[in-house]
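Q: Could you walk me through this structure? I have not looked at it before.

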Amino acid sequence: MTKKMKQFNSLKKTTKVDFATYFGVIAAFVIVTVLRSNGSLSRSTIGLLVPICCYMSMAVSLNLTVGILGELSLGHAGFMSVGAFTGIVVSQSLMNLIPNAPVRLALSMFVGALLAALVGLLIGTPVLRLQGDYLAIVTLAFGEIIKELINCLIIGCDEKGLHFVFNLSGNKTVDDLGLGANGTAIIKGAQGATGTTAIASFTAGFILVMLTLLIVLNLTRSRAGRAIMAIRDNHIAAQAIGLNLTKYKLMAFVTSAALAGAAGALFGLNYSSLQATKFNFNLSILVLVFVVLGGLGNIWGSLIAAAALTILPEALRPLHDYRMLIYAIVLIFVMLATNNPQAKAFFGRLLPHRRASAEKED
Amino acid sequence: MTQKEKAKLVPVSREPALLTERDADKSPVLECIDLGITFGGLKAVDNFNVTIGRTEITGLIGPNGAGKTTVFNLLTKVYQPTHGTILLNGKDIHDLNTAQVNRAGIARTFQNIRLFGDMSVEQNITVAMDNQVHYTMPEGILRLPRFWKEERVMHERAMELLSIFHMEHLADAKASSLPYGAQRRLEILRALATNPSLLLLDEPAAGMNPSETAELMENICSIRDTFHIAVLLIEHDMNLVMNICEGIAVLNFGRVIAKGTPEDIQNNPEVIEAYLGKKKEA
């Protein structure tokens, strides 16, 4: 036992922070589950649990692109959208084949992640060869394009398989799918996906957050993560030590897109009705706000910011019209406080690992 | 020596097989034949012919703006030469990019330090060993046995490299928090970690005081002896250049005006003229 303790004490600071992050998420999950079984959570709070998990996962995955790779992405909601609608199609079409909801959910999230990764690869391959802010411009456009594309998409399923219609002219309807007698429409163009069987659960959300953390943190602490951070810090020197810039940038960006896709699938399967317009530019910016507020490259910061900023607008609901005003003021104060040297020193005294680094700087 | 053999991750002190092989090979590590580049109409480097032996320390000197750093940028393919050939270990590197040139065996430092500032000192070194590590991204995420094995060797090797400059205690410090001289030394270690056959040092002694420079001179020689690599260095500190370089090339206005041993260079009238100007005729 003492040997184990010694091993823990000899661990690196980053490893300790990682363990603390995992532990924090597990503790939060246990506390919320207990509170929920006690009946001490309101219905609206329970409804927020799955979205919070999705947003946490979104924030952590975007942090990989923005904080660790150092490239600005303004279309993270687009990848979420791809994952969400893929997940819904997979889940609805396999309803009879796989009656077990958790298995179906896992498969939907996996396929959603896969497709989002593919889209990420398509976007990243040309753009990430360039230096500069091109990724921001392209992902911004991608977010808008994917929204319009899904708005035109009509998908149905019958015993023969999936049927697709692409409603570019605007006058096609579900009838054009030519579905069999037992067929159902899954995505109905601008109406979005309706009649979805909501199979998302808080446990699935918890597992998603843990998986996201595991992937992002372990990636960051491996050779790939070091290479990605090296490219962020100085791309000329990164090239001079033999790193293939495009390869490592793509690795980070595609991983980030895949995780957003998985989060999207869970998000999509949490509602019986979902429109593509939900995944708009505002959502991309919201996730970016989580990342910036939590600290670039700071994973546990992203988690806390995502949870806090999802709960805050709901908690402020009694204030009616002043809700968004207060929300904005709180945001400004948090940013001021986290950038204030005195406030930093105060938090530094609370956290032992911070104290060590603060002393070194003095 | 094949690429495969070189790509093995071996701790510094245990590399005897590779070393004898390197010593036995007497062919030059680098040959520049009529190398040149023009920017518009300006011939920044012209007819650059220099050959560097396998464990030779060569100095590249010249007045400001002579094109010394441009030569480094040509050798590392930051600029694509407009004419001439670069042979590294006998192979033409015309079609390689900067990263591939490094993997082929040229590592460099920068005149204005370019460290990975937000990463730790140790990470700055281990990231440079990327070409010698084999575990894949999924292995890294799942932390399979190969991850632990290679990470441990990388850590040991990083510590061995840091011990050259007695910097082991700084391993966990942030690279940007180091004092200037230590940053310069870290850059040299980072370049060494890529396991090069030729090390390019761009003003390694810039900003160092005389005692630090003296220590650096010893270090450069010991690095050459331990790793059996060739060194090409740009330096304005003539004391350093004349003491440790076996060969010197003097560059002025993009052309090599003199080549030879330190004694030759010190007595060469053209070099003196380039640095001090022409003596007025009485």
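**A first look at the chains**

Q: Let us begin with helix α2 of chain A: why does the distance between its ends agree with its number of residues?
A: This is a predicted model. Helix α2 of chain A covers residues 13-38, which is 26 residues; at 1.5 Å a residue these should span 38 Å, and the end C-alpha atoms are 37 Å apart, so the two values agree.

Q: And what follows α2(A)?
A: The next residue is G39(A), which has a positive phi, near 80°.

Q: Moving to chain B, how many helices and strands does it have?
A: Chain B has 12 helices and 10 strands. Of its 282 residues, 42% are buried.

Q: In what order do the strands of the open sheet in chain B come?
A: The order of the six strands is β6-β7-β8-β3-β9-β10, and their pairing is mixed. At the edges are β6 (106-108) and β10 (255-260) of chain B, each of which pairs on one side only. From one strand to the next, the twist averages 20°.

Q: How do β3 and β8 of chain B run, parallel or antiparallel?
A: They run parallel, and four bridges join β3 (residues 57-61) to β8 (residues 230-234) in chain B. Within this pair, I57(B) stands opposite V231(B) of β8(B).

Q: Which helix lies across β9 and β10 of chain B?
A: That is helix α12 of chain B, residues 269-276, which runs at about 130° to β10(B).

Q: New topic: how many residues of chain B are in contact with chain A?
A: In chain B, 26 residues are in contact with 21 residues of chain A. On the chain B side, α4 (98-104), α5 (121-126) and α6 (137-142) each supply at least two residues. The most comes from α4(B), with four residues. By class, this side of chain B has 10 nonpolar, nine polar and seven charged residues.

Q: Which residues touch the most other members of the largest nonpolar core?
A: They are A59(A), A116(A), A263(A), L266(A), L192(B) and L198(B), in a core of 178 residues. Helix α10 of chain A (residues 245-268) gives the largest share of this core, 15 residues.

Q: What is L198(B) in contact with, leaving aside neighbours within four places in sequence?
A: L198(B) is in contact with V29(B), L30(B), I52(B), G105(B), I106(B), I229(B), A230(B) and L232(B).

Q: Last one: what share of the contacts in chain B between residues at least 6 apart in sequence join residues at least 24 apart?
A: The share is 70%.

Conventions. Residues are numbered from 1 along each chain as its sequence is written. Chains are lettered from A and ligands numbered from 1 in the order in which they are written. This is a predicted model: local features need pLDDT of at least 70, side-chain atom pairs count only at pLDDT 80 or more; totals for chains, interfaces and linings use all residues. Two residues are in contact if their C-beta atoms, placed from the backbone, lie within 7 Å. Ala, Val, Leu, Ile, Met, Phe, Trp, Tyr, Cys and Pro count as nonpolar, Asp, Glu, Lys and Arg as charged, and the others, Gly among them, as polar. Two strands pair if DSSP finds at least two bridges between them. Axes are lines fitted to C-alpha atoms, for helices over the stretch in contact, and angles run from 0 to 180 degrees between N-to-C directions. A residue is buried if 20 or more other C-beta atoms lie within 10 Å of its own, exposed if 12 or fewer, and partly exposed in between; C-beta atoms are placed from the backbone. The expected span of a helix is 1.5 Å times one less than its number of residues. A nonpolar core is a set of buried Ala, Val, Leu, Ile, Met, Phe, Trp, Tyr and Cys residues joined through C-beta atoms within 7 Å.
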